[in-house]
Amino acid sequence: MSQRALPAPARPLALPGAADGLRPDDVAILGPPRPRVRAWWPWAAGAIVLLAGSAALVVWARTLPSFDAYGWLSWGERTWHGGLGTNAAPSWKPLPYLFTVIYAAFGHHLELRLWMVSSAAVALAGVVFAGRIAYRLSAPRSDRRWAGWVAAAFAGLALLALRDELHYGYLHYVLSSQSDPMIVTFVLAAIDLALCGRPRAAFACGVLASLGRPEAWPLLALYSVWLWRERPAARWLIAGGWVALAALWFGIPALSSRTPFVSAANALDSGRAPSGDRVTAVLSRFGELQHWPVYVAAAIGVALAALRRSRPPDRATLMLAGGVVTWVAIEIAFGLHGWPALGRYMFEPAAVVTVLAGACAGRALGADWRATSHSQIGEAWRTSPTPPAIFANLRGGTEAVGGVLLAVALIAAMIPAAVSAVRNERSDLTQQHARTAEIEALPGVIDRLGGARMLRGCGEPLTRLQYQSALAYALGDNVSQVGFKYAQALAHSNPVLFITPFESGVGWQVEAAHQAAPACAVLPGAPTNL
């Protein structure tokens, strides 16, 4: 038998410097040992249920993708048909492109539906990962597992209560096929896998998150340094991940736009950038993402973790809090530079705050309620006259009384927020249904005008800005080939075709101008409702 030492098993990122011996309560963050045989079955079954549920949700909601999402769909389609262009909005990001370029191979209609279902499924998976992290951080004792489940349920449901500064709820972004909730899922998955002691899979999820938001790059870099030193066998994965990041973020735009840094160029001096004091404006946007009881509970949980610092859940809590501060600081720097720094770009740290709040509630509920008594208080005062010592001796009792009150108050305070979120989502769905009807009528209008192929020879198509990417996708063009500046287009005396949605009701008004090609003479020269 070889005398060489066997490599040490992987340990979670949250545990560097931990003592060799762990108390029973610490097992919650490590996860109990489980047989590897058929361990993938629950995950596969869960993925199937999630996909089926997401498909049902998409059908029930009757919504269509957002402005950005239609642009991503156009990227995938134009890649297969040639002439990919990434100059115009939406700003280039590789994550959705990885999906749409594959889905586009199945055709125009299937690309749309596959993207809507898969983006919703990935986004809703974040609820599961939020719950898993909160359960681990709450570290419930074996006789109080229910406290961990309460923490998990609170974190998962409260994640859906996120909303941006425009009061668009989290489900709005899920049902409009945006990538922001997907990035939240990959961030939470990376954290969960790191806590489970699966650093390679955590790094892979970190790369996926970094393909969606550049704010994740510094955090991924720190994790890469740790992984490079602690797991030499993973160095090929780290190098490959960073090469893929560089190639996808800058290589594709170098071939399809005016500059490899087209994302930064398009985002610079955006009309949605914070105005006035940009530092406080970004902090205000972050504060509006979640309801105040969540921030309070998360702060209490972090404060308690800082007082202890001896157990793996406490150290993991502090590391996650540091990640939140880092992400928000990066967003502030982006805002100062002139980039938008929108609230939804900080969904990720707000999701982590939500998880920390749930974990705080779980740990409070899991405290030993029987530890508080008048005799214990008197004994602690006599034997430990200093305040820190009194706190240390009464820690279990303090958590018992204050913890239950905190958990109950936190859950009760979120009830009005949940009711408000449901009402806002219902109102938003009504607006989205009107938009859906408008866009669904667009292919019929194009067919009545002679089809997309004929219209491409009749000059620049123009529409209102909010429908620019949807019209580009319906015509099979890049977004940059569809205009929205009507007066400027008319002044140039070039052939143009105005396809304008009704101000009210469902329908489109069409008008052609400056047409010279014989085939385009059939187009209406005066405003015509179709």
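**Close-up views of a predicted model**

Figure 1. Strand β2 (residues 496–501) and strand β3 (residues 508–513) run antiparallel and are joined by six bridges. Residues are numbered from 1 along each chain as its sequence is written, and side-chain values use heavy atoms, with hydrogens and water left out. Strands (E, at least two residues) and helices (H or I, at least four) are DSSP runs, numbered from the N terminus; two strands pair if DSSP finds at least two bridges between them. Six residues lie between the two strands, and G505 in the turn has a positive phi of about 85°.

**Figure 2. The open sheet.** The sheet consists of four strands in the order β1-β2-β3-β4, with mixed pairing. Strands β1 and β4 stand at the edges with a single partner strand each, so one side of each has no neighbour in the sheet. Strands β1 and β2 run parallel and are joined by three bridges; E460 has V496 as its bridge partner in β2, and P461 has L497.

Figure 3. Six of the six residues of β2 are buried, where buried means under 20% relative accessible area, exposed over 50% and partly exposed in between (1.4 Å probe, protein chains only). In a regular strand the side chains alternate between the two faces of the sheet. V496, F498 and T500 point one way from β2, whereas L497, I499 and P501 point the other way.

**Figure 4. The disulfide.** The structure holds one disulfide, defined as a pair of cysteine sulfur atoms within 2.5 Å. The bond joins C458 to C520, with an S to S distance of 1.9 Å. The link of C458 and C520 is left-handed, with -90° about the S-S bond. C458 lies in the loop between α21 (452–455) and β1 (460–462) and C520 in the loop between β3 and β4, so the pair ties together parts that are 62 residues apart in sequence. Relative accessibility is 0% for C458, which counts as buried, and C520 is buried with a relative accessible area of 2%.

**Figure 5. The nonpolar cores.** The largest nonpolar core holds 121 residues, of which L137, L188 and L523 touch the most other members. Helix α5 (residues 108–138) gives the most to this core, with 13 residues. A nonpolar core is a set of buried Ala, Val, Leu, Ile, Met, Phe, Trp, Tyr and Cys residues joined through side-chain atoms within 4.5 Å. Not counting residues up to four places away in sequence, L523 touches L449, M454, L455, C458, L497 and A512. A second, separate core of six residues includes Y486, A489, F498 and A513.

**Figure 6. Aromatic pairs.** The whole structure contains 18 aromatic pairs. Rings of Phe, Tyr and Trp (its six-membered ring) pair if their centres lie within 6.5 Å; planes under 30 degrees apart count as stacked, over 60 as edge-to-face and the rest as tilted. W217 and W249 form an edge-to-face pair, 5.4 Å centre to centre with 80° between the planes. This pair links distant parts of the chain, 32 residues apart: W217 belongs to helix α10 (residues 216–230) and W249 to helix α11 (residues 235–256). W217 is partly exposed, with a relative accessible area of 27%, whereas W249 counts as buried at 7% relative accessibility. The rings of Y223 and W226 have their centres 5.6 Å apart and their planes at 35°, so this pair is tilted. Y223 and W226 are three residues apart in helix α10, separated by about one helical turn, and both are buried. Elsewhere, ring pairs link W72, F99, Y103 and W115 into a cluster.

Figure 7. The chain averages a pLDDT of 86, and 85% of the residues score at least 70; pLDDT is the predictor's confidence in each residue, from 0 to 100. Over residues 371–378 pLDDT stays under 50, and the model has 10 contacts beyond four places in sequence for this segment, a contact being heavy atoms within 4.5 Å. Residues 389–397 also stay under 50, with 20 such contacts. Where pLDDT is low, the predicted coordinates should not be read in detail.
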